[in-house]
Amino acid sequence: MLYRLIREPFVHFVALGAVIFAAYFWLNRAQDSEHRIVVDQQDLDHLVNLWKLQWKREPESSDVQALIDRYVRREVFYREALRMNLDHNDEIIKKRLAQKMEAVAIDLSTLMQPVTDDQLREYFHSREDLFKLPQAYAFRQVLLLPQEKTQTQVDALLTALRKTDEIPPARRQKLSIPNQWPMTAAQELDGAFGENFAQSLDTLPTGQWAGPIRSGYGWHLVWIERKQEPAMPEFAQVRDFVARQYEYESGMKAQDRVFQELLAKYQVQITAEHIPGTLNVSFAEE
């Protein structure tokens, strides 16, 4: 009986109709979803919070209406742009999506392997080149312009400074250069005064007026208050900086690991001409 029923054309017709109806229902539901824009509470809260961060106050009703209008306008244009395939081969969109993937790789690495203090300490001691405090100097200086630098002028000014330890008013902030310099790294001083200025400072004694030494501005009489030799700081003092550097380097490594895993799924063929002969080989090796 069942076998005879299954062979009836009417049953076939009903079954086919049911399949067509189901397909029609699902297709139309998908289309309805594509053409439905929902602004839920989470969306609105996000928009309002961004607005408050920018304007530092609660939005009024007109502001909220403007936020929703802009959101809907952007969503409409975004969906229509996708429908028209405008995102295809767009360099800006490619760059932005690639940046998002790189950020995802960093976030996943951080979530899967939270850093510990022991790891930070090990990283801190393994990277002395990064964390060692540089050669630095704290000093006062008095500038003589090139045309002012005579032996008589230098001797008179040096004697006065050693006697009173007061910088004459006419010599204060000359050329807008500060007279007082707190502890400053040698590299930064060379950038401010010219090459080898810090090296010249190192030849002077501390705790007395000495010089002159030369810079790009002229000649300087200097009182060195303190010299700081290159040394590793205490871990506790720089822990936050160490953590930021560790997270940055770990993130870069995680990005590279994810890239290599994803790259393995692709065949890279470079058919362009006039490129280094080793380029194809390097991709093949990766």
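The model is predicted. The chain has 286 residues, of which 22% are buried, and it contains 12 helices and 4 strands. Taking contacts between residues at least 6 apart in sequence, 68% link residues at least 24 apart.

**Helices α3 and α4**

- Two packed helices are described by the angle between their axes and the distance between the axes.
- For helix α3 (residues 41-55) and α4, the angle is about 115° and the axes lie 10 Å apart.
- The two helices α3 and α4 cross in a right-handed sense.
- On the α3 side, the contact is made by Asp43, Leu44, Leu47, Val48 and Trp51.
- On the α4 side, Asp63, Val64, Leu67, Ile68 and Tyr71 take part.
- By type, the residues of this contact between α3 and α4 are 8 nonpolar, no polar and 2 charged.

**Asp63**

- Asp63 sits in helix α4, which spans residues 61-83.
- Asp63 counts as buried because its relative accessibility is 16%, and the cut-off for buried is under 20%.
- Apart from neighbours within four places in sequence, Asp63 has contacts with Trp51 and Arg57.
- Trp51 is also one of the α3 residues in the contact with α4.

**The nonpolar cores**

- In soluble globular proteins, nonpolar side chains tend to be buried together.
- The largest nonpolar core here has 17 residues, and those touching the most other members are Tyr137, Phe139, Leu189, Phe193, Leu201, Leu204 and Val222.
- At least two residues of this core come from each of β1 (136-144), α9 (186-193), α10 (197-201), β3 (209-214) and β4 (219-228).
- A second, separate core has 9 residues, including Val142, Val154, Leu157 and Leu221.
- Leu189, from the largest core, is in contact with Tyr137, Phe139, Trp181, Thr184, Gly194 and Leu201, leaving aside neighbours within four places in sequence.

**Arg171**

- Arg171 lies in the loop between α8 (151-164) and β2 (180-185).
- With a relative accessible area of 9%, Arg171 is buried.
- The Arg171 side chain comes to 3.2 Å from the backbone oxygen of Leu143.
- Beyond neighbours within four places in sequence, Arg171 is in contact with Val142, Leu143, Leu144, Glu148, Gln153, Leu157 and Asn179.
- Among these contacts of Arg171 are Val142 and Leu157, and both Val142 and Leu157 belong to the second core.

Key: Residues are numbered from 1 along each chain as its sequence is written. This is a predicted model: local features need pLDDT of at least 70, side-chain atom pairs count only at pLDDT 80 or more; totals for chains, interfaces and linings use all residues. Side-chain values use heavy atoms; hydrogens and water are left out. Buried means under 20% relative accessible area, exposed over 50%, partly exposed in between (1.4 Å probe, protein chains only). Contact means heavy atoms within 4.5 Å. A nonpolar core is a set of buried Ala, Val, Leu, Ile, Met, Phe, Trp, Tyr and Cys residues joined through side-chain atoms within 4.5 Å. A polar contact is a pair of N or O atoms within 3.5 Å; within protein, one must be able to donate a hydrogen and the other to accept it, and residues adjacent in sequence count only if both atoms are side-chain atoms. Axes are lines fitted to C-alpha atoms, for helices over the stretch in contact, and angles run from 0 to 180 degrees between N-to-C directions. A crossing is left-handed if the near helix is turned anticlockwise from the far one by less than a right angle, and right-handed if clockwise. Ala, Val, Leu, Ile, Met, Phe, Trp, Tyr, Cys and Pro count as nonpolar, Asp, Glu, Lys and Arg as charged, and the others, Gly among them, as polar.
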